Amino acid sequence: MNRNTSLPPSGTPVSFGSVLRSRIRFGLVTLVVIAVYWWSIQGMHFEGIQGTAGTVSKSILTGFLHPDWSFVYIPDGEDLLRGLLDTLVISVLGTVVAAVVCIPFAFWASSNMSRGLALSGSGKLVLSVIRVFPEIIVAILFIKAVGPGSFAGVLALGIHSVGMLGKLYSETIESIDRGPQEALIASGANRLQVLRYAVLPQVIPQFLSYSLYRFEINIRSATTLGLVGAGGIGTPLIFALQVRNWNRVGIILLGIIVLVILTDLISGWVRRKII
């Protein structure tokens with residue numbers, strides 16, 4: 001009986017030069033990272049801990065451990081529930097506005113939908129310019145235009161989210177399967193029919209998923225817009241911080257935590273059902 005005693009071919013030996021180059025490259029990258037961190041630390045001017053830090057920290061911790069439960073609901077005034085509801089409404093409206101407005105921008109920025117690289121490149125440039133400015137900066141601009149309140153918050157979240165969602169939408173459109181699209185074109189379908197029956201069925205589930213994910217982010221962003229007067233729970237939060245009412249700050253932060261957790265759970269469940 002013949003046995004096959006041949007050994008498997010050995011791998012290509014690693015040369016000493018390649019190992020040396022790899023180690024030199026790793027060492028140079030490490031030195032660059034260390035130099036960048038060292039340069040960044042040099043720009044920090046630490047002047048020591050203030051003498052009142054212990055007293056203030058103790059007051060903050062006491063306020064967080066003993067939140068002002070009476071602020072949860074006030075029949076005739078501003079309370080926690082109204083502020084959280086206002087924040088939720090701002091987030092919902094801002095997300096809906098962005099999810100609808102960004103669709104034409106997404107098709108404009110998609111290389112497989114726009115005629116020519118220059119056209120899709122201009123769409124990508126517009127989306128980049130829109131999302132350059134943070135929500136809080138956009139909110140300050142709209143406060144000067146329409147006045148303080150929830151409307152400015154909705155516009156700020158909506159405009160900023162157009163740039164973010166438009167980029168994600170355009171990437172989704174560029175990654176679609178071209179097979180159904182080419183089959184409809186070969187059968188004589190016009191551009192609108194191709195869009196209706198070949199493109200939208202592929203991208204709508206992902207569009208909805210991205211919109212829900214953006215809604216989760218907008219919930220967190222809406223809580224800070226009130227700090228500049230754009231409505232939401234941030235308005236009573238900044239007032240409580242200014243007067244050092246730590247008990248009220250504690251209950252507001254607790255409410256924000258509960259709202260964000262519930263939103264994440266519900267949004268995640270809906271996304272799983274869609275995808």
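Select Leu 265 to begin; this residue is placed in helix H10, where helices are DSSP runs of H or I with at least four residues, strands are runs of E with at least two, and both are numbered from the N terminus. Leu 265 is exposed, with a relative accessible area of 57%; exposed means over 50%, buried under 20% and partly exposed in between, with a 1.4 Å probe and protein chains only.

The model on display is predicted, so local features need pLDDT of at least 70 and side-chain atom pairs count only at pLDDT 80 or more, while totals for chains, interfaces and linings use all residues. Residues are numbered from 1 along each chain as its sequence is written, and side-chain values use heavy atoms, with hydrogens and water left out.

Next, select residues 249-270. This span is 100% helix and 0% strand, with its end C-alpha atoms 32 Å apart. Residues 222-243 may then be selected: here the chain is 59% helix and 0% strand, and the end C-alpha atoms lie 22 Å apart. Both spans come under the annotation "transmembrane region" in an unreviewed UniProt entry, which also covers residues 24-41 and 88-109. Such UniProt positions are given in the numbering used here, feature names are shortened, and annotations may be inferred rather than shown by experiment.

Proceed to Arg 244, found in the loop between helix H9 (234-242) and helix H10 (246-274). Although Arg 244 is not a glycine, it has a positive phi of about 60°. Is Arg 244 buried or exposed? It counts as exposed, at 58% relative accessibility.

Now select Ile 130, which lies in helix H4 (residues 117-130). Which residues does Ile 130 touch, not counting those up to four places away in sequence? They are Ile 159, His 160, Val 162 and Gly 163, a contact being heavy atoms within 4.5 Å. Ile 130 and Val 162 are 32 residues apart in sequence, and their C-alpha atoms are 7.3 Å apart in space.

Finally, display the whole protein. Its secondary structure comprises 10 helices and 0 strands. The radius of gyration is 27 Å, well over the 19 Å that the globule rule gives for 275 residues, so the protein is more spread out than a compact globule; the radius is taken over C-alpha atoms, and the rule is 2.2 Å times the number of residues to the power 0.38. Along the principal axes, the C-alpha trace spans about 90 × 60 × 50 Å. Of the 275 residues, 32% count as buried. Among contacts between residues at least 6 apart in sequence, 73% join residues at least 24 apart.
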